[in-house]
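Biologist: I am new to this structure and would like to learn how to read it. Could we go through some features together?

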Amino acid sequence: MKGVYICFSAEDVVDALQDAVSQGAKAGNVRILGGGHCYENFVYSTATEYIIDISGMREIQHDAIDNVTSIGAGQTNWDVAVVLQKQYNLQLPAGSCYSVGLGGHVAGGGYGLSSRAYGLTVDYLSAVEIVVPSGNKFHTITANKESNNDLFVALRGAGGGNFGVITKYFFANLPNAFQNADLFAIAIDWKEIKSANTLKAILDLYALYCTNVGDSTTIADQSWSKNIFCLGKFTHKSASQFAFIIQSA
């Protein structure tokens, strides 16, 4: 490791990249550190020469006139959810883990506990601020449907680390935050699963539940079933149990 650059703006990222290149850094050995976790060791690996740390780029602004929300790429899912809900009564359909960094999550398309009701994170992405190379120089551009559209399309799910350093996301017409949500956790012992048919029966039961819940006579809103989301956590048998986490909002 030769150096870490702490950046708080797109201009800082431009300067950091320019300096790293002047020091002879290879493109693939300059890594980006966002605001979330990285279990795969993509950042602090043996091949890393320089790190561009954008975890301080966490500003959230909402333009009520244009209904556009800008979020720094160093944010995390949890903090974004809290700010949007408490300050603006909005939500960004994103994530099922609080500590996921928004920077990489959106670049991969983004989905979460409200996606069955509202779709993917990138369905609301209207523009991206990104630092890109031009020869041996770097500059900041905006990618959207009108400008740099090919890049904008790629940034809506192609993954991170390929096209530049994303510094800010812009989201248009975000849905209102859920006012209520129920969360259920169901754990099942692996030792009770005697065959593939047993596991299939459990999955079929869950599918039946999701299909029929909207037809319940006790639920006024028949579209309620669209707001159900389930995570199946099929851990190794050494963990003793696997689990379902079900949210209905």
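Biologist: Is F242 buried or exposed?

Modeller: F242 counts as buried because its relative accessible area is 1%; buried means under 20%, exposed over 50%, and partly exposed in between, with a 1.4 Å probe and protein chains only. This is a predicted model, in which local features need pLDDT of at least 70 and side-chain atom pairs count only at pLDDT 80 or more, while totals for chains, interfaces and linings use all residues. Residues are numbered from 1 along each chain as its sequence is written, and side-chain values use heavy atoms, with hydrogens and water left out.

Biologist: How do I read an aromatic pair, and which one do F242 and F244 form?

Modeller: Two things describe a pair of aromatic rings: the distance of the centres and the angle of the planes. Rings of Phe, Tyr and Trp (its six-membered ring) pair if their centres lie within 6.5 Å; planes under 30 degrees apart are stacked, over 60 edge-to-face, and the rest tilted. F242 and F244 make an edge-to-face pair, at 6.1 Å centre to centre and 80° between the planes. Both of these residues are buried.

Biologist: How many aromatic pairs are there in the whole structure?

Modeller: A search finds eight. One of them joins F234 and F242, stacked at 5.2 Å centre to centre with 20° between the planes. F234 counts as partly exposed because its relative accessibility is 41%. Ring pairs also link W190, F234, F242 and F244 into a cluster.

Biologist: What about V80: where does it lie, and what does it contact?

Modeller: V80 sits in helix α2, residues 77-88; helices (H or I, at least four residues) and strands (E, at least two) are DSSP runs, numbered from the N terminus. With 2% relative accessibility, V80 is buried. Setting aside neighbours within four places in sequence, V80 is in contact (heavy atoms within 4.5 Å) with I60, I71, Q75, L92 and L102.

Biologist: And which residues in sequence can be compared with their distance in space, as for A154 and A107?

Modeller: A154 and A107 are 47 residues apart in sequence, with 8.4 Å between their C-alpha atoms. For V80 and L17, 63 residues apart along the chain, the C-alpha separation is 27 Å. A154 belongs to helix α5, residues 149-154, and counts as buried at 17% relative accessibility.
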